[in-house]
Amino acid sequence: MPELPEVEVVRRGLERWVAGRTIEDVEVLHPRAVRRHPAGGVDFAARLRGETVGVPQRRGKYLWLPLAGRDLSVLGHLGMSGQLLVQPADAPDEKHLRIRVRFDDAAGTELRFVDQRTFGGLSLHDNTPDGLPDVIAHIARDPLDPLFDEAAYHLALRAKRSTVKRALLDQSLISGVGNIYADEALWRARLHYERPTATLTRPRSGELLGHVRDVMNAALAVGGTSFDSLYVNVNGESGYFDRSLDAYGREDEPCRRCGTPMRRRPWMNRSSYFCPRCQRPPRVVS
(Lines give C-alpha, C1' and ligand atoms only; values in the text may rest on other atoms or scores of the structure.)
Protein backbone atom coordinates (compact mmCIF):
# COMPACT_ATOMS: atom_id res chain seq x y z
CA MET A 1 0.00 0.00 0.00
CA PRO A 2 1.40 3.46 -0.83
CA GLU A 3 2.95 5.32 2.09
CA LEU A 4 3.39 9.05 2.61
CA PRO A 5 6.09 9.70 -0.03
CA GLU A 6 4.19 7.88 -2.78
CA VAL A 7 0.93 9.68 -1.95
CA GLU A 8 2.70 13.05 -1.79
CA VAL A 9 4.20 12.47 -5.24
CA VAL A 10 0.69 11.88 -6.59
CA ARG A 11 -0.66 14.92 -4.73
CA ARG A 12 1.98 17.18 -6.27
CA GLY A 13 1.14 15.89 -9.72
CA LEU A 14 -2.56 16.55 -9.18
CA GLU A 15 -1.81 20.04 -7.90
CA ARG A 16 0.01 20.77 -11.13
CA TRP A 17 -2.47 19.23 -13.56
CA VAL A 18 -5.91 19.29 -11.90
CA ALA A 19 -6.16 22.17 -9.39
CA GLY A 20 -8.40 25.01 -10.54
CA ARG A 21 -10.14 22.98 -13.27
CA THR A 22 -13.93 22.67 -13.48
CA ILE A 23 -15.47 19.22 -13.79
CA GLU A 24 -17.65 18.77 -16.84
CA ASP A 25 -18.58 15.13 -16.42
CA VAL A 26 -17.77 12.02 -14.36
CA GLU A 27 -18.11 8.48 -15.64
CA VAL A 28 -18.19 5.65 -13.09
CA LEU A 29 -17.24 2.44 -14.85
CA HIS A 30 -17.19 0.04 -11.89
CA PRO A 31 -19.50 0.23 -8.84
CA ARG A 32 -16.79 -0.92 -6.41
CA ALA A 33 -14.82 2.23 -7.19
CA VAL A 34 -17.50 4.31 -5.42
CA ARG A 35 -18.59 1.80 -2.77
CA ARG A 36 -17.55 4.24 -0.02
CA HIS A 37 -20.05 6.72 -1.50
CA PRO A 38 -23.29 5.18 -0.18
CA ALA A 39 -25.56 7.00 -2.65
CA GLY A 40 -23.84 5.25 -5.56
CA GLY A 41 -22.17 6.15 -8.82
CA VAL A 42 -24.99 8.16 -10.40
CA ASP A 43 -25.21 10.44 -7.36
CA PHE A 44 -21.42 10.72 -7.13
CA ALA A 45 -21.17 11.86 -10.75
CA ALA A 46 -24.13 14.25 -10.53
CA ARG A 47 -22.79 16.01 -7.43
CA LEU A 48 -19.40 16.63 -9.01
CA ARG A 49 -20.55 18.08 -12.34
CA GLY A 50 -19.86 21.82 -12.45
CA GLU A 51 -17.62 21.79 -9.36
CA THR A 52 -14.12 23.27 -9.42
CA VAL A 53 -11.20 21.36 -7.93
CA GLY A 54 -9.19 23.20 -5.27
CA VAL A 55 -5.59 22.49 -4.28
CA PRO A 56 -5.18 18.76 -3.57
CA GLN A 57 -4.38 17.97 0.06
CA ARG A 58 -2.81 15.09 1.98
CA ARG A 59 -2.56 13.88 5.54
CA GLY A 60 -0.35 10.86 6.00
CA LYS A 61 -1.40 8.29 3.40
CA TYR A 62 -4.73 10.00 2.70
CA LEU A 63 -5.28 12.21 -0.34
CA TRP A 64 -8.25 14.40 -1.16
CA LEU A 65 -9.45 16.97 -3.69
CA PRO A 66 -11.29 19.87 -2.02
CA LEU A 67 -14.09 21.43 -4.04
CA ALA A 68 -13.53 25.18 -4.33
CA GLY A 69 -15.99 27.25 -2.31
CA ARG A 70 -17.62 24.17 -0.79
CA ASP A 71 -17.20 22.27 2.47
CA LEU A 72 -16.88 19.07 0.46
CA SER A 73 -13.96 16.95 -0.73
CA VAL A 74 -13.34 13.93 -2.93
CA LEU A 75 -11.30 11.46 -0.89
CA GLY A 76 -9.05 9.11 -2.83
CA HIS A 77 -8.48 5.60 -1.47
CA LEU A 78 -5.57 4.16 -3.46
CA GLY A 79 -5.69 0.79 -1.70
CA MET A 80 -3.21 -1.76 -3.02
CA SER A 81 -3.27 -0.83 -6.68
CA GLY A 82 -5.17 2.42 -7.18
CA GLN A 83 -3.72 4.99 -9.58
CA LEU A 84 -4.80 8.56 -10.27
CA LEU A 85 -3.56 9.31 -13.77
CA VAL A 86 -3.75 12.49 -15.83
CA GLN A 87 -4.06 11.28 -19.42
CA PRO A 88 -4.74 12.84 -22.82
CA ALA A 89 -8.47 12.63 -23.45
CA ASP A 90 -7.88 10.65 -26.65
CA ALA A 91 -5.52 8.11 -25.04
CA PRO A 92 -6.76 4.50 -25.05
CA ASP A 93 -8.57 3.44 -21.88
CA GLU A 94 -6.53 1.46 -19.39
CA LYS A 95 -7.62 -2.14 -18.86
CA HIS A 96 -8.63 -1.45 -15.27
CA LEU A 97 -10.09 2.04 -15.69
CA ARG A 98 -12.77 2.55 -13.01
CA ILE A 99 -13.62 6.29 -13.01
CA ARG A 100 -13.11 9.01 -15.63
CA VAL A 101 -13.28 12.74 -14.83
CA ARG A 102 -13.57 15.16 -17.76
CA PHE A 103 -12.93 18.89 -17.41
CA ASP A 104 -14.61 21.90 -18.95
CA ASP A 105 -11.54 23.41 -20.60
CA ALA A 106 -9.24 23.07 -23.58
CA ALA A 107 -6.32 21.44 -21.76
CA GLY A 108 -6.98 18.16 -23.51
CA THR A 109 -6.42 15.96 -20.45
CA GLU A 110 -8.68 14.05 -18.08
CA LEU A 111 -8.28 12.45 -14.67
CA ARG A 112 -8.57 8.66 -14.54
CA PHE A 113 -8.83 6.37 -11.55
CA VAL A 114 -7.34 3.00 -12.46
CA ASP A 115 -7.43 0.09 -10.01
CA GLN A 116 -6.53 -3.48 -10.89
CA ARG A 117 -7.56 -5.06 -7.59
CA THR A 118 -10.56 -2.75 -6.92
CA PHE A 119 -9.63 -2.23 -3.25
CA GLY A 120 -9.48 1.54 -3.71
CA GLY A 121 -11.97 4.14 -4.85
CA LEU A 122 -13.24 7.72 -4.67
CA SER A 123 -15.91 9.10 -2.34
CA LEU A 124 -17.45 12.48 -1.53
CA HIS A 125 -17.44 13.71 2.07
CA ASP A 126 -18.26 16.74 4.20
CA ASN A 127 -15.25 18.61 5.54
CA THR A 128 -14.43 19.25 9.18
CA PRO A 129 -13.73 22.86 10.26
CA ASP A 130 -10.04 22.06 9.68
CA GLY A 131 -10.75 21.18 6.05
CA LEU A 132 -10.34 17.41 6.36
CA PRO A 133 -12.88 14.93 5.01
CA ASP A 134 -14.86 13.96 8.10
CA VAL A 135 -14.04 10.24 7.80
CA ILE A 136 -10.33 10.88 8.38
CA ALA A 137 -10.66 13.46 11.16
CA HIS A 138 -9.08 10.99 13.60
CA ILE A 139 -5.86 10.66 11.59
CA ALA A 140 -2.85 12.27 13.27
CA ARG A 141 -0.60 14.78 11.55
CA ASP A 142 2.34 13.30 9.69
CA PRO A 143 6.04 13.95 10.45
CA LEU A 144 6.46 16.26 7.44
CA ASP A 145 3.57 18.48 8.58
CA PRO A 146 4.93 21.82 9.90
CA LEU A 147 2.37 21.65 12.74
CA PHE A 148 3.43 18.18 13.90
CA ASP A 149 3.89 18.36 17.70
CA GLU A 150 7.05 16.44 18.61
CA ALA A 151 6.64 16.89 22.37
CA ALA A 152 3.07 15.58 22.30
CA TYR A 153 4.16 12.68 20.11
CA HIS A 154 6.87 11.65 22.57
CA LEU A 155 4.42 11.69 25.49
CA ALA A 156 1.86 9.68 23.51
CA LEU A 157 4.56 7.24 22.45
CA ARG A 158 5.63 6.47 26.01
CA ALA A 159 2.04 6.29 27.22
CA LYS A 160 1.09 3.83 24.50
CA ARG A 161 2.88 0.93 26.24
CA SER A 162 3.48 -0.73 22.90
CA THR A 163 6.49 -1.62 20.78
CA VAL A 164 8.20 0.90 18.58
CA LYS A 165 7.21 -0.41 15.15
CA ARG A 166 3.57 -0.85 16.17
CA ALA A 167 3.61 2.75 17.37
CA LEU A 168 5.13 4.01 14.12
CA LEU A 169 2.30 2.35 12.18
CA ASP A 170 -0.43 3.66 14.51
CA GLN A 171 -2.12 6.33 12.38
CA SER A 172 -3.73 7.90 15.46
CA LEU A 173 -0.25 8.72 16.80
CA ILE A 174 1.63 9.58 13.63
CA SER A 175 0.33 9.21 10.09
CA GLY A 176 1.95 8.26 6.82
CA VAL A 177 4.47 5.70 8.08
CA GLY A 178 3.99 2.18 6.74
CA ASN A 179 5.96 -1.04 6.86
CA ILE A 180 8.71 -0.08 4.41
CA TYR A 181 9.64 3.28 5.91
CA ALA A 182 9.27 2.01 9.48
CA ASP A 183 11.91 -0.65 8.79
CA GLU A 184 14.15 1.90 7.09
CA ALA A 185 13.91 4.43 9.94
CA LEU A 186 14.45 1.76 12.61
CA TRP A 187 17.56 0.51 10.80
CA ARG A 188 18.95 4.04 10.65
CA ALA A 189 18.16 4.55 14.34
CA ARG A 190 19.66 1.14 15.30
CA LEU A 191 16.43 0.18 17.04
CA HIS A 192 14.86 -3.28 17.05
CA TYR A 193 11.22 -3.31 15.96
CA GLU A 194 10.12 -4.91 19.26
CA ARG A 195 11.75 -2.25 21.45
CA PRO A 196 9.16 -1.13 24.06
CA THR A 197 8.08 2.47 23.54
CA ALA A 198 8.26 3.10 27.30
CA THR A 199 12.05 2.71 27.13
CA LEU A 200 12.52 5.52 24.60
CA THR A 201 13.92 8.71 26.06
CA ARG A 202 12.93 12.05 24.59
CA PRO A 203 16.27 12.38 22.71
CA ARG A 204 15.95 8.82 21.40
CA SER A 205 12.40 9.29 20.12
CA GLY A 206 13.46 12.62 18.59
CA GLU A 207 16.34 10.88 16.83
CA LEU A 208 13.97 8.22 15.47
CA LEU A 209 11.57 10.91 14.25
CA GLY A 210 14.46 12.59 12.47
CA HIS A 211 15.28 9.35 10.67
CA VAL A 212 11.61 8.94 9.68
CA ARG A 213 11.69 12.40 8.11
CA ASP A 214 15.04 11.80 6.42
CA VAL A 215 14.00 8.54 4.79
CA MET A 216 10.71 10.01 3.62
CA ASN A 217 12.39 13.08 2.14
CA ALA A 218 14.94 10.86 0.40
CA ALA A 219 12.11 8.78 -1.09
CA LEU A 220 10.26 11.92 -2.19
CA ALA A 221 13.35 13.13 -4.03
CA VAL A 222 13.26 10.08 -6.33
CA GLY A 223 9.51 9.71 -6.70
CA GLY A 224 8.77 7.18 -3.96
CA THR A 225 9.19 3.41 -3.82
CA SER A 226 7.92 1.12 -6.58
CA PHE A 227 8.30 -2.67 -6.46
CA ASP A 228 6.01 -3.26 -9.44
CA SER A 229 3.97 -1.34 -11.99
CA LEU A 230 1.05 -0.73 -9.63
CA TYR A 231 2.44 2.36 -7.91
CA VAL A 232 3.02 5.21 -10.35
CA ASN A 233 2.70 8.99 -10.34
CA VAL A 234 0.06 10.88 -12.32
CA ASN A 235 2.15 10.51 -15.48
CA GLY A 236 2.41 6.74 -15.07
CA GLU A 237 6.06 6.82 -13.97
CA SER A 238 7.50 4.62 -11.21
CA GLY A 239 9.57 5.78 -8.26
CA TYR A 240 13.14 4.66 -7.69
CA PHE A 241 13.69 4.62 -3.91
CA ASP A 242 13.58 0.80 -3.90
CA ARG A 243 17.15 0.97 -5.23
CA SER A 244 18.23 2.83 -2.08
CA LEU A 245 16.55 0.75 0.63
CA ASP A 246 18.87 -0.22 3.49
CA ALA A 247 16.63 -2.71 5.28
CA TYR A 248 13.33 -3.59 3.62
CA GLY A 249 13.51 -6.53 1.23
CA ARG A 250 17.21 -7.22 1.91
CA GLU A 251 16.99 -10.59 3.69
CA ASP A 252 20.40 -12.38 3.76
CA GLU A 253 22.12 -9.41 2.11
CA PRO A 254 24.94 -7.75 4.08
CA CYS A 255 24.03 -4.88 6.35
CA ARG A 256 25.30 -1.71 4.70
CA ARG A 257 26.70 -0.61 8.06
CA CYS A 258 28.37 -3.69 9.58
CA GLY A 259 28.19 -6.45 6.94
CA THR A 260 26.06 -8.85 9.01
CA PRO A 261 23.42 -10.68 6.94
CA MET A 262 20.06 -8.95 7.25
CA ARG A 263 17.15 -10.94 8.66
CA ARG A 264 13.45 -11.08 8.02
CA ARG A 265 10.85 -12.07 10.59
CA PRO A 266 7.06 -12.45 10.23
CA TRP A 267 5.33 -9.54 11.92
CA MET A 268 1.58 -8.78 12.07
CA ASN A 269 0.85 -10.48 8.72
CA ARG A 270 3.79 -8.59 7.24
CA SER A 271 7.57 -8.84 7.51
CA SER A 272 10.18 -6.95 9.50
CA TYR A 273 13.69 -6.59 8.11
CA PHE A 274 16.55 -5.77 10.48
CA CYS A 275 20.22 -6.25 11.23
CA PRO A 276 20.69 -8.64 14.18
CA ARG A 277 23.93 -6.91 15.15
CA CYS A 278 23.01 -3.23 14.73
CA GLN A 279 19.44 -3.67 15.96
CA ARG A 280 19.72 -6.01 18.90
CA PRO A 281 16.41 -7.33 20.27
CA PRO A 282 15.31 -6.07 23.69
CA ARG A 283 16.25 -8.16 26.67
CA VAL A 284 13.42 -10.23 28.08
CA VAL A 285 12.88 -9.50 31.77
CA SER A 286 11.81 -12.64 33.65
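This is a predicted model: local features need pLDDT of at least 70, side-chain atom pairs count only at pLDDT 80 or more; totals for chains, interfaces and linings use all residues.
View 1. The largest cavity contains about 70 Å³ of space, and the second largest cavity has a volume of about 60 Å³.

**View 2. The lining of the largest cavity.** The residues that line the largest cavity are Val18, Ile23, Phe44, Leu48, Val53, Leu65, Val74, Val101, Phe103, Leu111 and Leu122. By class, this lining divides into 11 nonpolar residues, with no polar and no charged ones. Helix α2 and strand β6 (97-103) each supply at least two residues of the lining of the largest cavity.

**View 3. The lining of the second largest cavity.** Around the second largest cavity lie Leu14, Leu63, Trp64, Leu65, Val74, Leu75, Gly76, Leu84, Leu111 and Leu122, and this lining comprises nine nonpolar residues, one polar residue and no charged residue. Strands β3 and β4 each contribute at least two residues to the lining of the second largest cavity.

**View 4. The open sheet of four strands.** The strands of this open sheet follow the order β2-β3-β4-β8, and their pairing is antiparallel. Strands β2 (57-59) and β8 (121-126) form the edges, each of them pairing on one side only. On average, and with direction ignored, neighbouring strands of this sheet are turned by 30° against each other.

**View 5. The pairing of β2 with β3, and the helices on the sheet.** Strand β2 is joined by three bridges to strand β3 (residues 62-66), and the two run antiparallel; in β3, Trp64 is the bridge partner of Gln57. Helix α1 (residues 4-17) packs on the sheet, where it touches β2 and β3, and the direction of α1 makes about 20° with that of β3. Helix α2 (residues 41-48) also packs on the sheet, touching β4 (72-77) and β8, and the direction of α2 makes about 60° with that of β8.

**View 6. The hairpin of β9 and β10.** Strand β9 (residues 263-267) is joined to β10 by five bridges, the two strands running antiparallel, and in β10 the bridge partner of Arg264 is Tyr273. The two strands β9 and β10 form a hairpin with two residues between them, and Met268 in the turn has a positive phi of about 50°. Four of the five residues of strand β10 (residues 270-274) are buried, so this strand is largely enclosed by the rest of the structure; buried here means under 20% relative accessible area.

Terms used:
Residues are numbered from 1 along each chain as its sequence is written. Side-chain values use heavy atoms; hydrogens and water are left out. Two strands pair if DSSP finds at least two bridges between them. Axes are lines fitted to C-alpha atoms, for helices over the stretch in contact, and angles run from 0 to 180 degrees between N-to-C directions. Contact means heavy atoms within 4.5 Å. Buried means under 20% relative accessible area, exposed over 50%, partly exposed in between (1.4 Å probe, protein chains only). On a 1 Å grid over the protein atoms alone, a cavity is a set of points where a 1.4 Å probe fits but cannot get out, and a pocket is an open set with protein on both sides within 12 Å along at least five of seven lines; lining residues have an atom within 4 Å of a point. Grid points are joined across faces, edges and corners, and a volume is the space filled by probe spheres set on the points. Ala, Val, Leu, Ile, Met, Phe, Trp, Tyr, Cys and Pro count as nonpolar, Asp, Glu, Lys and Arg as charged, and the others, Gly among them, as polar.
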